[in-house]
Amino acid sequence: RSIPDSLIEISDERLLEKYNEDKENRYKLPNSVTVEYVFWSNDLSEVDSSRHSNYLDSLNKVALHFSSEAEFSSFQATADFFDVVIEDTLDVTEGFENNSGIPFQMGVLRPVSRFAFDKPIGAVSDPIFPDNGIAVFHIIGEKPEGYKPFDEVSDNIRRGIVSEDKKEYAETLIKEAY
C-alpha cells in the first residue's frame with residue numbers, strides 16, 4: 001500500500017482489453033423497462049392507533065382513484081391534480097438480481113416486474129403494496145440488453161489493475177532484495 005500509484009502506468013489499450021475480458025460477467029446489463037411511480041407512505045407513527053384502519057383504507061382509495069384517473073389523463077397531470085410527486089424512475093428487470101431494480105426499502109415486489117414486462121409502454125398499474133406504503137407505476141420506456149459503457153467503469157478497472165500491479169511490483173522488489 002505504500003507504493004505510490006504514480007509508479008504504475010496503465011495504457012488505455014490494457015484497460016480496454018480488461019473491460020472486454022470481463023464485460024460479459026461484470027458489466028452486462030439485462031433488458032429492462034423504465035417506470036416512474038408515485039408513492040404514499042403507510043407510516044402510522046403520526047396516526048392515532050384508533051384510526052389506523054381508516055387511514056390505510058383512505059390511502060387505498062386515493063391510490064385506486066389515482067390509478068384510474070391516470071389511465072385517462074397523463075401520469076404527470078394526474079400527479080399534479082392529486083398533489084403528489086413522481087418519486088423516481090426505475091429500470092426494472094425480470095430477474096431477481098438487485099431486487100429487480102426496485103429500491104430495497106420497498107421490499108420484494110414481483111408484481112412490479114410482472115406489470116413492467118406484461119404491459120405496454122404508457123400503461124399504469126393498479127395500486128401495488130410495497131412494505132412501506134402504496135405505489136402506482138407508469139411504464140415510460142424499454143432498454144435493450146447491453147453493457148455498462150467503458151467510460152463508466154474504466155476508473156474501477158484502473159484501480160483493480162493498479163492494485164494487482166502494485167503487488168507484482170512489491171514482489172519484484174522483495175525478490176531483488178533477497
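Me: Where is the place of Gly95?

Reply: This is a predicted model, in which local features need pLDDT of at least 70, side-chain atom pairs count only at pLDDT 80 or more, and totals for chains, interfaces and linings use all residues. Residues are numbered from 1 along each chain as its sequence is written, and side-chain values use heavy atoms, with hydrogens and water left out. Helices (H or I, at least four residues) and strands (E, at least two) are DSSP runs, numbered from the N terminus. On that basis, Gly95 is in the loop between β3 and α4 (110-118).

Me: Which residues does Gly95 touch, not counting residues up to four places away in sequence?

Reply: Gly95 is partly exposed, with a relative accessible area of 22%; buried means under 20%, exposed over 50%, and partly exposed in between (1.4 Å probe, protein chains only). Its C-alpha atom is separated by 9.7 Å from that of Ser32, 63 residues apart along the chain. With contact taken as heavy atoms within 4.5 Å, and residues up to four places away in sequence not counted, Gly95 touches Ser100 and Arg110.

Me: At what angle do helix α2 and helix α3 pack?

Reply: Two packed helices are described by the angle between their axes and the distance between the axes. Axes are lines fitted to C-alpha atoms, for helices over the stretch in contact, and angles run from 0 to 180 degrees between N-to-C directions. For α2 (residues 52-72) and α3 (residues 75-82), the axes are 9 Å apart and the angle is about 145°.

Me: Which residues in α3 does α2 meet?

Reply: On the α2 side the residues are Val62, His65, Phe66, Glu69 and Ala70. They meet Phe75, Thr78, Ala79 and Phe82 in α3.

Me: Are the buried residues of α3 on the same side or on opposite sides of the helix?

Reply: The buried residues of α3 are Phe75, Thr78, Ala79 and Phe82. They cover an arc of only 100° around the axis, the arc being that of the directions from the helix axis to the C-beta atoms. An α-helix has 3.6 residues a turn, so residues three or four places apart point the same way.

Me: Which exposed residues does the face of α3 turned away from its buried side carry?

Reply: The buried residues of α3 are covered by elements including β2 (32-41), α2, β3 (86-92) and β4 (133-143). The face turned away from that buried side carries the exposed residues Asp80 and Phe81.

Me: What is phi of Asp83?

Reply: Asp83 is found in the loop between α3 and β3, and it is exposed, with a relative accessible area of 70%. Its phi is positive in a residue other than glycine, near 55°.

Me: Is Thr34 buried or exposed?

Reply: Thr34 lies in strand β2. Among the residues it touches, not counting those up to four places away in sequence, are Thr89, Leu90, His138 and Ile140. At 12% relative accessibility, Thr34 counts as buried.

Me: What do the buried residues of α4 pack against?

Reply: The buried residues of α4 are Val112, Ser113, Phe115 and Ala116. They cover an arc of only 160° around the axis, which puts them on the same side of α4. These buried residues pack against β2, β3 and β4.
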